[in-house]
Amino acid sequence: ARHLLGIEQLHPLEITTLLDLADTYADHNTRGLAHREVLAGLTQINMFFENSTRTQASFELAGKRLGADVMNMGMQASSIKKGETLIDTALTLNAMRPDLLVVRHPQSGAVDLLAQKVNCAVLNAGDGRHEHPTQALLDALTIRRAKGRLHRLNIAICGDIAHSRVARSNIMLLGKMENRIRLIGPPTLMPAGITDFGVEVYDDMVKGLQDVDVVMMLRLQKERMDGGFIPSEREYFHRYGLDAAKLAHAKPDAIVMHPGPMNRGVEIDGTIADDINRSVIQKQVEMGVAVRMAAMDLLARNLRAARQDNNVMV
Ligand code: CP
């Protein structure tokens with residue numbers, strides 16, 4: 001493929017290939033082995049139109065570990081503030097001949113649109129409530145390393161499903177790999193028609209968490225609630241926040257995940273988040289660098305091959 005826009009476009013074999021490569025990068029990162037030849041001579045531009053800590057930092061680190069020239073566009077200080085459109089900004093940067101463009105945008109579909117206008121590889125770093133493919137891939141690698149497999153697992157995704165691109169990408173990825181997915185949350189935060197994706201829906205944590213292998217918690221995404229109903233945090237934690245009592249209904253070796261940023265005491269009890277015997281939240285962050293290295297490595301191979309076919313120098 002030329003771009004990484006979403007999990008929707010990926011075949012299970014492509015997912016496995018990417019995770020296998022990311023697994024190797026994860027091992028090499030632990031041993032301090034760099035691979036600066038992989039993206040040597042290539043330019044990576046990170047354009048984040050929405051706040052980010054993990055995704056932005058790990059894409060930057062991943063590019064640097066693979067030897068790319070990495071540029072972070074400070075979108076707050078860019079000419080977007082003077083009324084320039086996303087597409088005009090993208091065309092301007094495209095004219096500077098980047099090879100990899102990493103984009104986060106608050107509007108669903110904006111990254112797909114941008115990818116049609118440029119001639120470099122585009123990686124979606126999260127668009128609105130649509131997709132966050134590298135998050136789902138890093139979650140998958142974390143699960144595979146913790147459980148030894150990525151199929152036939154009972155996986156609960158809990159909380160604000162309706163506004164979550166992380167949930168959407170995970171539902172697609174974990175479904176493609178033949179896992180059983182349960183969505184748990186208030187009916188007001190459950191998207192219409194979600195059962196078409198072959199998931200089970202619960203509004204009761206105790207019932208939904210029964211014997212699951214993986215518990216994935218999500219943040220209440222108030223920035224995407226568009227003035228709609230926002231539950232009280234106290235009430236929400238009481239009914240849907242993960243604490244020891246609710247987690248006791250999952251399998252004894254169930255792992256706890258959260259994509260971050262997390263709100264302690266709202267969707268998750270801080271003690272559970274910090275419990276190194278159950279929580280793999282920091283592992284998820286670690287796998288994020290490896291997965292982004294693998295994604296950019298594979299796209300760069302395709303880019304180089306396409307340019308060679310067209311006799312364009314890299
Ligand atoms: N999980 C995630 O996308 O975190 P950031 O918003 O900090 O990048």
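A polar side-chain atom of threonine 55 lies 2.6 Å from an oxygen atom of the ligand, a polar contact being defined as a pair of N or O atoms within 3.5 Å, where, within protein, one atom must be able to donate a hydrogen and the other to accept it, and residues adjacent in sequence count only if both atoms are side-chain atoms. The model is predicted, so that local features need pLDDT of at least 70 and side-chain atom pairs count only at pLDDT 80 or more, whereas totals for chains, interfaces and linings use all residues. Residues are numbered from 1 along each chain as its sequence is written, and side-chain values use heavy atoms, with hydrogens and water left out.

In serine 52, a side-chain N or O atom is 2.6 Å from an oxygen atom of the ligand; for arginine 104, the corresponding separation is 2.9 Å. Of the 260 Å² of accessible area that the ligand has on its own, the protein covers 92% (areas from the Shrake-Rupley method with a 1.4 Å probe; for residues, only the protein chains shown count as cover).

The surroundings of the ligand are formed by Ser52, Thr53, Arg54, Thr55, Arg104, His132, Gln135, Pro259 and Gly260, a residue being near a molecule or strand if one of its heavy atoms lies within 4 Å of it. By class, this shell contains one nonpolar, six polar and two charged residues; Ala, Val, Leu, Ile, Met, Phe, Trp, Tyr, Cys and Pro count as nonpolar, Asp, Glu, Lys and Arg as charged, and the others, Gly among them, as polar. The ligand is placed in the largest pocket. On a 1 Å grid over the protein atoms alone, a pocket is an open set of points with protein on both sides within 12 Å along at least five of seven lines, whereas a cavity is a set where a 1.4 Å probe fits but cannot get out; lining residues have an atom within 4 Å of a point. A molecule sits in either if more than half of its atoms lie within 2 Å of its grid points.

Glycine 260, one of the residues around the ligand, is joined to proline 261 by a cis peptide bond with omega of about -5°. Proline 261 belongs to the loop between strand S9 (255-257) and helix H10 (270-274); helices (H or I, at least four residues) and strands (E, at least two) are DSSP runs, numbered from the N terminus.

Positive phi values occur at two arginines. Arginine 97, a residue other than glycine, has phi near 60° and is located in the loop between helix H3 (86-94) and strand S3 (100-105). Arginine 97 counts as exposed because its relative accessibility is 65% (buried means under 20% relative accessible area, exposed over 50%, and partly exposed in between, with a 1.4 Å probe and protein chains only). The C-alpha atoms of arginine 97 and glutamine 221, 124 residues apart in sequence, are 35 Å apart in space. For arginine 152, which is likewise not a glycine, phi is about 50°. Arginine 152 is positioned in the loop between helix H5 (133-147) and strand S5 (154-158) and is exposed, with a relative accessible area of 70%.

The backbone nitrogen of arginine 152 is reached at 3.3 Å by the side chain of asparagine 179. The side chain of asparagine 179 also reaches the backbone oxygen of leucine 174, at 3.0 Å. Asparagine 179 is part of the loop between helix H6 (165-176) and strand S6 (180-184), and its relative accessibility of 11% makes it buried.

Two helical residues are also buried. Serine 58, in helix H2 (residues 54-65), has a relative accessible area of 5% and is therefore buried. Although 227 residues separate serine 58 from valine 285 in sequence, their C-alpha atoms are 8.2 Å apart. Alanine 136, in helix H5, is buried at 0% relative accessible area, and its C-alpha atom is 31 Å from that of lysine 81, 55 residues away in sequence.
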